[in-house]
Amino acid sequence: MFTRNNHDADQLRADGKTPVLSLPQCRQINRVKQMKQMKQVSRAVAAATGFFLLACTPSMPNCSGSTNPPNTQTPVVSGSPQKKADPAYDTATRANTDSTPEILLNPFIQRTRASSAYEKKHPAAHAFDGDCGTAWNAKVQPNVVPWVEIEFDVPRHISKISLTPGWERINKKGQDLYMLNLQARKVTVFLDGVELRSQAANLEQRLLEIDRINKDAKKVRLRFDSFWPGAMYEDAAVSDIMIFGTGTPTGTEVLSAPRCDLEVKKRFEKEDPKTAYDTRDAVCGRLTKRAQLVFDKFDRQIAQRYTSDSRNFKTWKKSIATFTRCSNAGNGAWMLLPFDISFNIAPDDSGSEYTSLSGKYFIVFVGADGMAHVASQVFDLQNTPFADWDSYDNTPEVTLPNDWDGDGVKELVLDRSDQYENGGISIWTLIGETVAPYRGAAKLSIEYLEDYDKDGRTDIVSIERWRIDPDEGPEYDPPSYGNPSVLYHSLADGTFTASDDEAKAYLRNQCKKANVPLLQAKDYDGIFLNIACTRLRGKSAKEVKALLKEEWQALSPSQRAQYQATLVTLSDFLSWAAIEPPCTI
């Protein structure tokens, strides 16, 4: 392979007649038996690398050891004349009216170094050689931030940096290494040791451009601050980094350099000509394939332990289906993207087999433009879908009941209430470019959703109104069950209310008995229901507290002792009475 990050003396020149090569390149060419003529070599190099030098420096030796003529010009990198740049993706700067068009500066790199290399066969130089099939692989360890650095021959004026955040290569098994390895999520640029700025890469963004740099520097360092998780491996990989700047061209036009993202775009479109590479469906297809790869390594273990008609095997398949599909949301799609998944088998305390699936996942929204947006919150997956004694499935559930805010995208409802962590139900939406909790529902403890009044808009049922701030209230919240649930009625403008006629009717159905003794209930659930309904019927906190004190004084010593033995006392009841109801019914 001909690399592009060596000294100027190691570069290839083509003047239309006889290429002039360095001695190391000559040795490489001699090993290629099929290349009978040097002209054929020139074409092969151009096709393999995507560019060649239009001219070479006077100090470059040819195969015989002589030097170039003294009137040769400064080297300028050009795209292969055999390929046309795609106007939709081309980032090249054509010759301007001034004398300093944008050129690729990689040929002027004298040395490369990095924080680490996962293996010696994947050094830092591979990130600058223009070959999508090679990559710099970095070890990613706790408290160690990987970086790669280059040094030019002299200070160069840098205009922008384009890089491939992952490894654009298909391995021998037909797997996309971009999906398997970590991919850069946030990159910080340093010029001569001074921090310039940071830039983020979206999930599945296969080209990251850091533009409008316009500074001179001899050393350029890229620090990789964070990464998107890979489906299988824990090392980071970067296929290509292209540094652009200004220089003196030999012709009137400077073409774009090779683009790894274009190579993979062509590959995907060849595999499925009906699907454009950057559409919602295409990106969803790649993300679901990435998710499937996460689970593939466990399929064999599952197949060995459970028959295909067993409940455990079917539950496993159901779990996988949750994470390997995009749910159509109108002008976009939602999915849960898993990572760091582990499958564990161990005996439990009773000696039975205990199997568990654990890991993490993101909420991802893929827009109609193919851009993937990821929620900042990372969710834990605590799943035990298979055990000899149980086939309980607590995999998160996804539903898309409504487009509450009317923006053309149905909101995602994530139900984690069956998980051991009791994460509950949450509603997510896209606000600008950010996946975030839906307004008006972010702080609600949602029991369930239903269209209470059958108006076509899903309403929220919550018990959040009866919670007490632990810094302000007693040690014990009101009971979770038995209290009146609050209906947050969905309105046409995308908001929710707990005080309109529909919400009041919902509360009246739970508070049918009036003027009942507050403390004469079978359990704490009943006591709090009496307190809450009395407040809902219009009595003030002062009035309800007075009733509670009166009834408490009427209790016998043994009855009071029963309450105190459970650590719930009159002070707790009084605090419950102080909670303001959402309305009066």
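1. Let's start with Glu-151, a residue that is buried, its relative accessible area being 14%. Keep in mind as you look that this is a predicted model. The partner of Glu-151 is Lys-218: their side chains meet in a salt bridge, with 3.7 Å from N to O. Lys-218 is partly exposed, at 28% relative accessibility. You can find Glu-151 in strand E6 and Lys-218 in strand E10 (residues 215-228), so look for two distant parts of the chain, 67 residues apart, linked by this pair.

2. Next, follow Arg-206 to Asp-176. Their side chains form a salt bridge with an N to O distance of 2.9 Å. Here the two residues sit in loops: Arg-206 between strand E8 (194-200) and strand E9 (208-210), Asp-176 between E6 and helix H3 (177-180), so the bridge ties together parts that are 30 residues apart in sequence. Both residues, Arg-206 and Asp-176, are buried. They also belong to one network, in which salt bridges with shared partners join Glu-168, Asp-176, Glu-204, Arg-206, Arg-286 and Arg-290.

3. Side chains of opposite charge can pair when their charged atoms come close. In this structure there are 18 salt bridges.

4. Now turn to the helices. Helix H8 (residues 524-536) packs against helix H9 (residues 541-554) at an angle of about 145 degrees, and their axes lie 10 Å apart. The crossing of H8 past H9 is right-handed. Which residues make the contact? From H8 come Ile-531, Thr-534 and Arg-535, and from H9 come Ala-541, Val-544 and Leu-548. Sorted by class, this contact has 4 nonpolar, 1 polar and 1 charged residues.

5. H8 has another helix to meet, H11 (residues 570-577). The axes of H8 and H11 come within 9 Å and cross at roughly 35 degrees, again with H8 passing in a right-handed crossing. On the H8 side you will find Tyr-524, Ile-527, Phe-528, Ile-531 and Arg-535, and they meet Phe-573, Trp-576 and Ala-577 of H11. This contact divides into 7 nonpolar, no polar and 1 charged residues.

6. Finally, step back to the whole chain. How many helices and strands does the chain have? There are 11 helices and 25 strands. Of the 585 residues in the chain, 49% are buried. The accessible surface comes to about 28,100 Å², and carbon and sulfur atoms account for 48% of that. Among contacts between residues at least 6 apart in sequence, 65% join residues at least 24 apart. The pair you began with, Lys-218 and Glu-151, is itself 67 residues apart.

Conventions:
Residues numbered from 1 in each chain as written. Predicted model: local features only at pLDDT ≥ 70, side-chain atom pairs only at ≥ 80, totals over all residues. Heavy atoms only, no water. Axes fitted to C-alpha atoms, helices over the stretch in contact; angles between N-to-C directions. Helix = DSSP H or I, 4+ residues; strand = E, 2+ residues; numbered from the N terminus. Left-handed = near helix turned anticlockwise from the far one by under 90°. Contact = heavy atoms within 4.5 Å. Nonpolar A, V, L, I, M, F, W, Y, C, P; charged D, E, K, R; others polar. Buried < 20%, exposed > 50% of the residue type's maximum accessible area, 1.4 Å probe, protein only. Areas by Shrake-Rupley, 256 points an atom, 1.4 Å probe, with all protein chains shown as cover. Salt bridge = Lys/Arg side-chain N within 4 Å of Asp/Glu carboxyl O.
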